[in-house]
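Dear colleague,

Please find below the structure that I am handing over to you, together with its sequence. My notes on it come after the display.

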Amino acid sequence: MNIGFNKPYLTGKELHYIAEAHARGQLAGDGHFTKLCSSWLEQQTGCHKALLTHSCTAALEMAAILANIQLGDEVIMPSYTFVSTANAFVLRGGVPVFVDIRPDTFNIDENLIEDAISPKTKAIVPVHYAGVACEMDAIMDIASRHNLLVIEDAAQGVLASYKGRALGSIGHLGCYSFHETKNIISGEGGALLVNDMALLERAEIVREKGTNRSQFFRGQVDKYSWVDIGSSYLPGEIVAAFLWAQMQEAESITARRLAIWHHYHGAFKALEQAGRVHRPVIPVGCDHNAHMYSLVLHNLADRTAFINAMERQDINCVFHYVPLHSSPQGVVCGWVTGELSVTTDLAERIVRLPLWLGLENDLESVIGKMKNYLSKVFD
C-alpha cells in the first residue's frame, strides 16, 4: 500500500449538507452554513467576529487592507513560511522584513523582532508553525510599545492555543486555513478572525467587495453601495456546508491526530537520545493540534537520502518551505534582518512525516520502516 503524505478526511456528513445547501436555495456566500461555521469559530476562539473566506490567503489579503499597508510600509515576519504570508502585503506595496526563527519551534524569534522595527514598520505577522504557538505575550508587548498591529498567521493553528487562548484570537487579526492539508478542511477555505472591534465594520466592507452590503441586510442602511476598496472574499455555501461537517467533528479529529502525533513522538525518542534525529519541541503553555509531525536530520544529504529511501518503500515524506528571503521574488521585494542562519539551516534538514486520519492502521509498519532506516544508516 502506498502511504501518501496527506489524505483528506471525510466525516460522512459533507455530501448531505451540500445537498441541504442546494435545497435551501442559496449557494452564494453568507448563507445558512456560512453562519453556522462563523458562529462555531467565534465560540471556539472568543474572537469578536469570524468572517469566513475562500482561503487563508484571502484572509491575509483582507488583513493587509485593514492594516492600511501603503507603498514602502514594512511588515515583520519570518522567512520560513508560506508565500501567502508575504504576498498579501506585497500586493499592497508593503515590504516584508524577514526575521530569523527559533531553533526549537521554527517560529519567529521574538527576541529579534524589536531590532527589525523602523519608522516604516506597520505590523508584525507571527506564524504559528505546525500549530505550535509563537511567544505571543512578548510579541503583543512589543507591538503595544511600538503601536503596531499584530496579524496572526494561524493557518495551521485551528484548535491550538497559547496559555489557554486560541491561536488567531490574540493579535488584532487572525487568519485560518481550511485547505485540504489542514486538520479541518473544506478543500479550499479560510477565515479572518477580528479581535479588534475598531476593525470590524471595515472588515465586513472589504470582504463584500468594498460595499456596505452586510449593513444593508441588517437593516442599518436603506441601500448598499461602494464605500471602500475590497474584493470578493466570501466562500460559497457548498464550501461552507462541507466545512460545517468537519467542524462538528473537529474535537474528535484533533484527538485522533494527537494520538498519531504522540505515537510518532514516543517511537523516535530513543533515536533522538542517540543523537540521530531531533523531534518537535512543544513549549510549556502551548497546546498544539498535531497539524504535522516532523524530524530534523543532520544535513541536507541525510534528509534527501531518507526521503528517497522511504519513497522506495512507498512512504511519502516531504520537506517544507524554501525560505522566502532566498526565493527569487523574496530577494526582489523583501528585506533581511540578521543572517537568518537558523532559517537557512533548518529548512535544509526538516522532513515531514505522513499524518492523516486512517493512517492508524499502517502506523506501526510506517514507523518500523523509518526506524529501521534511521538506525542502520548511522551505524
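Predicted model: local features only at pLDDT ≥ 70, side-chain atom pairs only at ≥ 80, totals over all residues.

Eight strands make up an open sheet of mixed pairing, in the order β1-β9-β8-β5-β4-β2-β3-β12. Its edge strands are β1 and β12 (335-336), each of which pairs on one side only. Within the sheet, β4 and β5 run parallel and are joined by 2 bridges. Ala-123 is found opposite Leu-149 of β5.

Helix α3

Helix α3 (residues 56-66) lies across β1, β5, β8 and β9, and runs at about 165° to β8. Of its 11 residues, 9 are buried, so the helix is largely enclosed by the rest of the structure. The buried residues are Cys-56, Ala-58, Ala-59, Leu-60, Met-62, Ala-63, Ala-64, Ile-65 and Leu-66. They pack against strands β1 (49-53), β5 (149-153), β8 (173-177) and β9 (190-194), and also against helices α4 (83-90) and α7 (200-207). At the start of α3, the backbone nitrogen of Thr-57 has a side-chain oxygen of Ser-55 within 3.4 Å. Just after the helix, Asn-68 adopts a positive phi of about 55°.

Helix α6

Helix α6 (residues 136-146) has Met-136, Ile-139, Ile-142 and Ala-143 as its buried residues. These cover an arc of only 125° around the axis, which puts them on the same side of α6. In general, an α-helix has 3.6 residues a turn, so residues three or four places apart point the same way. The cover over the buried residues of α6 includes α5 (113-116), β4 (121-124), β5 and β6 (161-162). The helix lies across β4 and β5, at about 150° to β5. Asn-147 follows α6 and has a positive phi, near 55°.

The nonpolar cores

The largest nonpolar core contains 77 residues, of which Phe-178, Tyr-264, Phe-306 and Met-370 touch the most other members. Setting aside residues up to four places away in sequence, Phe-306 touches Leu-297, Cys-317, Val-351, Leu-353, Met-370, Tyr-373 and Leu-374. A second, separate core has 34 residues, including Ile-65, Leu-66, Met-77 and Ala-88.

Two loop residues

Thr-81 is located in the loop between β2 (74-78) and α4. Is Thr-81 buried or exposed? With a relative accessible area of 2%, Thr-81 falls under the 20% limit and is therefore buried. Its side chain makes a polar contact of 2.7 Å with the side chain of Thr-85. Apart from neighbours within four places in sequence, Thr-81 is in contact with Val-127, Asp-153, Tyr-321 and Leu-324.

Asp-196 occupies the loop between β9 and α7. Asp-196 is partly exposed, and its relative accessible area is 24%. The side chain of Asp-196 reaches the backbone nitrogen of Ala-198 at 3.0 Å. When residues up to four places away in sequence are not counted, Asp-196 touches His-48 and His-172. Lys-369 is 173 residues from Asp-196 along the chain, and the C-alpha atoms of the two are separated by 49 Å.

With kind regards

Conventions: Residues numbered from 1 in each chain as written. Heavy atoms only, no water. Buried < 20%, exposed > 50% of the residue type's maximum accessible area, 1.4 Å probe, protein only. Helix = DSSP H or I, 4+ residues; strand = E, 2+ residues; numbered from the N terminus. Contact = heavy atoms within 4.5 Å. Polar contact = N/O pair within 3.5 Å; in protein donor to acceptor, adjacent residues only side chain to side chain. Arc of directions from axis to C-beta. Pairing = 2+ DSSP bridges. Axes fitted to C-alpha atoms, helices over the stretch in contact; angles between N-to-C directions. Core = buried A, V, L, I, M, F, W, Y, C linked by side-chain atoms within 4.5 Å.
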